[in-house]
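Dear colleague,

I am handing over the structure below, together with some notes on what was found in it. Please read the notes with the coordinates open beside them.

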Amino acid sequence: MSALIEIEFRLNGISRRVTVPLQMSALEMLRDMMGQHGTKYGCGEGECGACTISVDHRTVNSCLKFAVDCNGRDIQTIEGLAATPFGENLNRAMVEHGAVQCGFCTPGIMMQAQQVLTDNPDASPAQIQRGLEGNLCRCTGYRKILDAIEAVAHPSPAGD
Amino acid sequence: MAELRNYAAPRSLAEALQVLASGPATVLAGGTDLMPQSRSARVRFAPTLLNIQGVAELRGVRRRDGAVEIGALTTIATLRDDPAVRNGAPVLWQACDHFASDQIRNAATIGGNICNASPAGDTLVPLLVLDASVVLASGGAAGIHERRLPLSEFLTGPGRTARRPEELLVEVRIPVPASGWVDRYVKFGTRPALDISTIALALGGTLFDGRLENARLALGAVAPTAIRAHDAERVLAEGPLDRARIDRVVDAADAAIHPISDVRASDWYRRELVHNLLRRILTDVCPN
Ligand code: FES
Ligand code: FES
């Protein structure tokens with residue numbers, strides 16, 4: 001039986017304490033122990049970005065992170081992002097642009113979009129596209145996703 | 001994977017070295033390679049997981065004594081955003097800019113990329129061309145011992161290095177190239193992001209009178225480790241970079257490599273890539 005370690009961290013602004021096996025991933029901890037099902041398991045090896053979360057304000061693949069290494073950190077998941085004004089705004093843009101089909105990639109895409117626009121609020125379409133290199137979508141063909149994020153970065157003045 | 005039984009998350013280098021001195025431990029840095037390895041049992045785990053993320057002194061980039069010194073825990077994203085790297089080591093900057101994806105760059109560390117010793121490790125080819133060395137520390141509370149090794153000696157095989165079990169890689173040192181230094185880096189893969197190199201190569205040297213002096217040539221994913229092609233470097237040093245010399249450099253590089261055939265490419269295709277891309281960067285670096 002693998003060792004159990006108690007860790008404490010902030011999850012979406014709230015202090016949480018949990019006991020995890022040593023080899024557990026942050027993704028398994030969030031989904032299976034903390035009921036945060038917004039973060040998705042796609043590939044489990046860093047290729048798809050469906051599991052993207054923010055750790056100390058940088059996005060990472062939660063499938064590649066050891067849960068024990070969450071100790072002391074500030075973690076945001078899609079549930080936290082969705083409750084922010086930026087998240088609501090992005091959410092609306094994704095819906096309006098038809099950027100969601102099956103929706104499996106959407107939480108990871110939104111987490112990464114937040115990172116790209118936080119680092120560079122004036123990101124160009126090409127910069128947004130590069131920032132999303134680590135996120136796969138098998139449905140939309142990406143165009144509508146990029147349009148939605150661009151609309152948040154550069155809202156049209158008419159507000160249409 | 002073997003059962004992990006103990007966990008240590010020290011806050012200082014001395015404590016981390018103490019853990020390594022007291023018995024076999026698997027080192028956790030960014031985790032981006034360790035986690036998939038732990039799932040596929042590609043790596044045998046020691047009973048102790050040593051998480052070094054809390055050792056703040058292993059982070060950051062300094063410029064000192066004519067060298068860029070990079071702490072082992074510095075992430076690829078930090079390197080990509082650092083002006084000392086961008087200006088002082090553009091080939092390394094390029095490799096960091098094309099490393100995996102944003103999410104992985106935010107977690108992966110340079111020390112981890114080196115210690116994984118993948119023949120296709122993205123930072124290794126630029127670091128070899130820059131003549132980088134690594135600093136290995138051992139000891140503990142009673143004192144810290146350091147030794148320094150050229151990266152080319154540190155990499156001993158696929159996934160194998162000269163790191164002793166009680167040692168931790170703490171720093172990478174890159175001598176700042178002399179003025180007039182030029183370099184080129186190419187990584188060939190099938191898509192821009194998240195790709196493991198089919199091959200990678202980097203060339204550097206001081207351009208003087210139509211010849212490339214102090215030339216260095218490094219190749220990745222064509223041998224058990226990323227390598228320097230010393231014979232090809234000697235051919236470069238012998239005279240002006242004309243067409244005949246380029247042919248001889250390519251021949252010497254071809255003799256230095258031992259590509260395998262795998263899912264990414266055949267041995268034959270890797271050699272073709274080396275010939276053509278090397279020819280291209282040689283022509284590009286000295287256009288006449
Ligand atoms: S599930 Fe983490 S990147 Fe695919
Ligand atoms: S909407 Fe289905 S994967 Fe993106």
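How many residue pairs are in polar contact between chain B and chain A? The count is nine residue pairs, with both residues of each pair at pLDDT 80 or more; please keep in mind throughout that this is a predicted model.

As for where chain B meets chain A, the elements of chain B that give two or more residues to its side of the contact are β1 (6–8), α2 (34–40), β3 (48–51) and α6 (102–107), and of that side the largest share, six residues, comes from α6(B). By class, the side of chain B that touches chain A is made up of 13 nonpolar, ten polar and seven charged residues. The contact takes 30 residues from chain B and 32 residues from chain A, and the area buried between the two chains is about 2400 Å², with carbon and sulfur atoms giving 53% of this area. On the chain B side, the residues that lose the most area to chain A are B:Y7, B:M35 and B:Q103, which together account for 26% of what that side buries. The chains are also joined by two salt bridges, and the side chains of A:E28 and B:R39 meet in a salt bridge with an N to O distance of 3.0 Å.

Turning to chain A by itself, the domain assignment gives domain 1 (4–78) and domain 2 (81–153), and the C-alpha centres of these two domains of chain A lie 21 Å apart. Their contact takes 17 residues from domain 1 and 15 residues from domain 2, and about 1300 Å² is buried between them, 51% of it on carbon and sulfur atoms. In domain 1 of chain A, the residues A:T59, A:Q76 and A:I78 lose the most area to domain 2, together 40% of what that side buries. Across this interface there is one salt bridge; the side chains of A:R58 and A:D119 meet in a salt bridge at 3.3 Å, N to O. There are also ten residue pairs in polar contact between the two domains of chain A, again with both residues at pLDDT 80 or more. The elements giving two or more residues to the domain 1 side are β3 (52–55) and β4 (58–61) of chain A, and β3(A) provides the largest share of that side, three residues. That side has five nonpolar, nine polar and three charged residues.

One residue of chain A deserves a separate note. A:T39 lies in the loop between α1 (26–33) and β3 of chain A, and it counts as buried because its relative accessibility is 2%, under the 20% cut-off. Leaving aside residues up to four places away in sequence, A:T39 touches several others, among them A:L27, A:C51, A:I53 and A:I78.

Chain B is assigned domain 1 (6–51), domain 2 (59–175) and domain 3 (183–285). The C-alpha centres of domain 1 and domain 2 of chain B are separated by 18 Å, and their contact takes 13 residues from domain 1 and 18 residues from domain 2. The area buried between these two domains of chain B is about 1200 Å², of which carbon and sulfur atoms give 68%. Across this interface there are zero salt bridges, while three residue pairs are in polar contact, both residues being at pLDDT 80 or more. Helix α1 (residues 13–21) of chain B gives the most to the domain 1 side, with seven residues, and by class that side has eight nonpolar, four polar and one charged residues.

With best regards

Definitions and conventions: Residues are numbered from 1 along each chain as its sequence is written. Chains are lettered from A and ligands numbered from 1 in the order in which they are written. This is a predicted model: local features need pLDDT of at least 70, side-chain atom pairs count only at pLDDT 80 or more; totals for chains, interfaces and linings use all residues. Side-chain values use heavy atoms; hydrogens and water are left out. Contact means heavy atoms within 4.5 Å. Buried area is the accessible area (1.4 Å probe) that two parts lose on being put together, summed over both. A salt bridge is a side-chain nitrogen of Lys or Arg within 4 Å of a carboxyl oxygen of Asp or Glu. A polar contact is a pair of N or O atoms within 3.5 Å; within protein, one must be able to donate a hydrogen and the other to accept it, and residues adjacent in sequence count only if both atoms are side-chain atoms. Helices (H or I, at least four residues) and strands (E, at least two) are DSSP runs, numbered from the N terminus. Ala, Val, Leu, Ile, Met, Phe, Trp, Tyr, Cys and Pro count as nonpolar, Asp, Glu, Lys and Arg as charged, and the others, Gly among them, as polar. Domain bounds come from an automatic or database domain assignment. Buried means under 20% relative accessible area, exposed over 50%, partly exposed in between (1.4 Å probe, protein chains only).
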